[in-house]
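Hi,

Here is the structure I promised to pass on to you. Please open it beside this email, and then read on for what turned up in it.

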Amino acid sequence: MKSLESILEEKDNLLSIYFTCGYPKLDDTTKVISELEKSGVDFIEVGLPYSDPLADGPTIQDSSQKSLANGINLDIVFDQLMSIKDSNKTPLVLMGYLNQMLKYGEDKFCQKVIDCGINTVILPDLPMVEYENHYKDLFDKYGITNVFLITPHTSEERIYKIDNYTNSFIYVVASASITGAKGEISNNQIAYFERIKNMNLKSKLIVGFGISDKQTFNTACNYANGAIIGSAFIKNLGVNGVSGIKDFISPIIS
Amino acid sequence: MKLKTSRTKYNMKSKFQPDKNGYFGQFGGAFIPELLYPNVKELEDNYIQIIESKEFQDEYKSLLKDYVGRPTPLYYAKRLSEKYAAHIYLKREDLNHTGAHKVNNTIGQILIAQKLGKTKIIAETGAGQHGVATATVCALMGLDCTVFMGEKDIERQAPNVARMKMLGAKVVAATSGSKTLKDATNEAIRYWIQNPETFYLIGSVVGPHPHPDMVARLQAVISEEMKWQLKEKTGKENPDTIIACVGGGSNAAGAFYHYMDEHEVELIAVEAAGLGVNSGESAATSQLGEVGIIHGSKTILMQDDYGQIVEPYSISAGLDYPGVGPLHAFLYESKRAKFMNATDAEALEAAYELTKIEGIIPALETAHALAVLPKLDFKENQVVVINLSGRGDKDLETYIKHLKE
């Protein structure tokens with residue numbers, strides 16, 4: 001597996017795809033990753049299905065429910081990821097909710113993540129103060145990087161602090177919304193992207209939430225190093241299955 | 001009778017008060033997505049100052065007196081006392097406007113929302129009591145109100161849905177997950193993320209800090225009144241025992257609040273055991289839960305081996321919550337409160353008993369608190385206060401159905 005850091009350094013207009021493990025079928029996790037790699041995606045966000053995903057909209061909620069009904073759990077996910085550790089070259093980022101790590105055992109979770117060749121996690125309900133007081137030391141111990149989210153309402157002072165803590169990229173949440181919000185990128189959002197870009201942060205910027213197609217992807221890339229598509233991809237996956245992945249990705253990166 | 005505001009000791013230093021990060025021992029905190037940070041921070045920076053201000057206290061106490069009907073009576077239940085050989089007092093929160101203790105909190109929070117310049121209010125509700133109490137204060141203040149309610153609960157609690165609509169609230173069905181209180185809360189939080197200008201008027205001592213502490217402070221009026229009422233009736237401010245039911249835990253927090261540091265007072269929290277603690281159909285969180293994070297706070301939580309939140313069950317829609325407020329998790333862990341539980345059947349029995357011998361039809365939630373009376377051994381002249389958190393009008397259908405059986 002290539003390192004996420006090297007990809008972030010080498011390339012611009014990075015396309016990342018979020019998908020839910022174990023969806024639409026339990027054993028689709030590795031197939032989705034393999035198809036995304038073949039389709040030329042730069043890095044992949046591996047979503048851990050959660051019963052109560054507070055930051056997620058209906059599409060990801062629904063895929064999570066179905067995956068849980070398929071019988072997914074963290075042990076199965078780690079087994080699946082372990083099985084492709086050597087074959088997969090595309091960097092993976094793990095995205096889940098804090099309670100999953102807490103219940104699994106924080107050290108055990110971190111060790112498994114590293115064992116799977118992953119070193120970057122996104123935990124949307126891990127606030128900065130908890131990171132500072134507890135998780136920074138834990139993650140440092142295992143060499144894991146935490147990705148922080150910033151939003152249109154995050155203060156500059158806080159953004160500089162986040163920049164300072166960041167070893168990979170800052171997740172720029174495109175609007176005050178949960179995942180899967182629709183529509184074009186507004187002038188207000190552009191102004192926000194410009195404001196962040198002009199802060200000249202040391203970290204790379206990746207935009208997510210509400211990025212759904214070539215147009216929104218390109219717009220985001222004008223102001224950041226890349227963007228993440230989640231709900232739109234999940235929707236397509238639900239309808240067209242793993243075999244439809246290439247047709248979804250091609251027009252975006254063409 | 002006048003309210004004695006001077007008794008409120010909001011600054012008391014106690015291990016039962018949250019620390020600066022909102023922790024009661026290991027429980028609490030604010031585990032929220034970055035999107036909610038500015039909102040929660042604004043509230044955190046202002047809520048104590050607002051609550052302690054004379055302006056707020058004057059308005060709050062005046063509304064509680066003239067609009068809600070406080071102080072609520074502390075009633076000596078003579079026949080119940082005879083039956084259980086103790087001196088049993090009922091704190092009559094059921095006599096509040098809208099029929100439960102919930103309105104103490106909504107009156108307080110609506111005033112806080114106004115001070116923060118918020119005009120749009122959102123709330124979650126299970127059985128509909130908090131939804132009605134929120135819709136009521138929004139009507140009173142002329143504010144826009146949206147209540148999230150599980151699709152299943154909307155079907156089960158039609159009269160309260162109609163009440164909310166009559167009061168001018170918009171009722172939004174939560175169709176995700178199990179379609180009950182947990183999911184209504186998720187939907188309220190998701191809406192809040194997308195509409196950061198709204199004020200989330202949370203209904204219990206749950207959620208991210210400072211919500212649990214804010215709600216506890218606003219419900220503390222219950223034990224504040226108990227102190228001087230007991231003094232008048234028994235000569236002493238302190239009872240031997242206080243009993244309250246716990247779902248999220250707001251009525252218990254209010255009934256315990258001014259007694260938490262007075263260790264001679266026994267505090268009993270009663271959870272809903274549903275069909276039995278180990279039946280797989282239960283909401284006895286302290287017995288079945290483990291440390292976890294729900295709705296922005298670290299607490300005791302019913303979950304599976306992988307941290308997926310488990311759906312609880314109780315006959316009472318107000319107690320079927322998979323978590324418990326962080327203060328209660330701490331009261332449980334530190335053994336300051338004794339946690340007991342009552343099954344559906346025991347709660348129904350207790351409700352019929354109170355109705356027959358005292359002429360009071362309690363809410364199903366409250367009936368759980370009454371249901372532990374047969375399980376307790378009282379010493380001679382033991383003074384027991386039961387927080388009668390709500391009235392049973394909303395549960396008549398259930399009561400009638402089970403009475404026939």
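In α8(B), the buried residues are L181(B), K182(B), D183(B), A184(B), T185(B), N186(B), E187(B), A188(B), I189(B), R190(B), W192(B) and I193(B). Please keep in mind as you look that this is a predicted model.

That list makes α8(B) a mostly covered helix, with 12 of its 14 residues buried. What do the buried residues of α8(B) pack against? Their partners in chain B are the strands β5 (120-125), β6 (144-150), β7 (170-174) and β8 (199-200), together with the helix α6 (151-156). From its first C-alpha to its last, α8(B) reaches 20 Å, which is close to the 20 Å expected at 1.5 Å a residue.

**Where the two chains touch**

The contact between the chains takes 29 residues from chain A and 25 residues from chain B. On the chain B side, the elements that give two or more residues are α8 (181-194) and β11 (290-294). Which of the elements gives the largest share of that side? It is α8(B), with six residues. Sorted by class, the side of chain B that touches chain A has 12 nonpolar, 10 polar and three charged residues.

**One more helix to look at**

Helix α9 of chain B, residues 211-219, is also mostly covered: nine of its nine residues are buried. You can find them by name as H211(B), P212(B), D213(B), M214(B), V215(B), A216(B), R217(B), L218(B) and Q219(B).

Enjoy exploring, and write back with any questions!

Best wishes

Technical notes:
Residues numbered from 1 in each chain as written. Chains lettered and ligands numbered in written order. Predicted model: local features only at pLDDT ≥ 70, side-chain atom pairs only at ≥ 80, totals over all residues. Buried ≥ 20, exposed ≤ 12 C-beta atoms within 10 Å, placed from the backbone. Helix = DSSP H or I, 4+ residues; strand = E, 2+ residues; numbered from the N terminus. Contact = placed C-beta atoms within 7 Å. Nonpolar A, V, L, I, M, F, W, Y, C, P; charged D, E, K, R; others polar. Expected span 1.5 Å × (residues − 1).
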